[in-house]
Amino acid sequence: MTNEQKPKKKMGFTIIKDDPTDGHKGFGIGSLSLENVSPVIVDIEEGEARIEIGAMHARSDTERGVKFTTNREDSEGGKPYWLVWVTIDFKEDGPYYAGVTACEMVVNREKRRGYKILADHVNKMDKSMKRNIIVDHMDDKSKQILADFLSRHNHEMWERSEPKLRIDLGVDSPEL
């Protein structure tokens, strides 16, 4: 198979493309680019994680058709999820998972109601973009699902990531 015939391998995560200030003097300087952030939905009951770009605007397949409130009782009996903001950055030796933050979400399809705290989702996205790792509040099963997903998605990026990510997800032990 020649190079022209090979299907391109897709990263799945959005990676920083262009400098927003390229060619401009002043406009866009200091603005944040969301191009390097991807939302990952962890479906705890199904034991899987998937990238759902629609979650950037609260319009993922998981969220669609559901009215969200900050009252847990509205979505009682619903399915638990984690929305995980994954930020990719680059080191000399290549890209890595720089920021990984998790937000709780519950969806009750039957009632068409859901629970989430939008302010928490926005703040966690911001923290992910600032290269924070905040996953220690996740349950063990969810941590394992996320660790497996990130490792399988791109093992080299997983290996280049800060040890804190693997430690907080329960994959590695802290060095004594």
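Is E46 buried or exposed? E46 counts as exposed, because its relative accessibility is 52%, where buried means under 20% relative accessible area, exposed over 50% and partly exposed in between (1.4 Å probe, protein chains only).

## The model and its confidence

This is a predicted model, in which local features need pLDDT of at least 70 and side-chain atom pairs count only at pLDDT 80 or more, while totals for chains, interfaces and linings use all residues. Residues are numbered from 1 along each chain as its sequence is written, and side-chain values use heavy atoms, with hydrogens and water left out.

The average pLDDT (the predictor's confidence in each residue, from 0 to 100) is 84 for the protein, and 80% of the residues score at least 70. Helices (H or I, at least four residues) and strands (E, at least two) are DSSP runs, numbered from the N terminus. Among these elements, strand 7 (residues 133-134) has the highest mean pLDDT, 98, and helix 1 the lowest, 94.

Residues 6-11 are one of them, with 4 contacts (heavy atoms within 4.5 Å) beyond four places in sequence. Residues 13-31 are another, and for them the model has 29 contacts beyond four places in sequence. Where pLDDT is low, the predicted coordinates should not be read in detail.

Strand 1 covers residues 37-43, and 7 of its 7 residues are buried. V37, P39, I41 and D43 point one way from the strand, while S38, V40 and V42 point the other way.

Strands count as paired if DSSP finds at least two bridges between them. Strand 1 runs antiparallel to strand 4 (residues 79-91), and 7 bridges join them. In this pairing, S38 stands opposite V86. Strand 1 also pairs with strand 2 in the antiparallel sense, over 4 bridges, and I41 has R50 of strand 2 as its bridge partner. Strands 1 and 2 form a hairpin with 4 residues between them. G47, in the turn, has a positive phi of about 70°.

## I44, next to the strand

I44 is found in the loop between strand 1 and strand 2 (48-51). Its relative accessible area is 13%, so I44 is buried. Leaving aside residues up to four places away in sequence, I44 touches P80, Y81, W82, D139, K141, S142 and I145.

## K124 in helix 1

K124 lies in helix 1, which spans residues 118-129. With a relative accessible area of 13%, K124 is buried. Its contacts beyond four places in sequence are W85, T101, A102, C103, I134 and H137.

## Salt bridges

Side chains of opposite charge can pair when their charged atoms come close. A salt bridge here is a side-chain nitrogen of Lys or Arg within 4 Å of a carboxyl oxygen of Asp or Glu. The structure holds 13 of them.

One of these joins E46 and K79, with the closest N and O atoms 3.7 Å apart. E46 lies in the loop between strand 1 and strand 2 and K79 in strand 4, so this pair ties together parts that are 33 residues apart in sequence. Another joins E162 and K91, at 3.7 Å from N to O. This pair links distant parts of the chain, 71 residues apart: E162 is in the loop between helix 3 (155-160) and helix 4 (163-168), and K91 is in strand 4. Both partners are partly exposed, E162 with a relative accessible area of 37% and K91 with 31%.

K164 and D168 also meet in a salt bridge, at 2.5 Å from N to O. They are 4 residues apart in helix 4, so about one helical turn separates them. K164 is partly exposed, at 41%, whereas D168 counts as buried, at 15%. Elsewhere, salt bridges that share partners join D43, E46 and K79 into one network.

## Charges over rings

A charge sits over a ring if NZ of Lys or CZ of Arg is within 6 Å of the ring centre and within 35 degrees of the ring normal. K91 lies over the face of Y96, 4.6 Å from the ring centre. The charged end of K116 sits over the ring of F68, at 4.5 Å from its centre.
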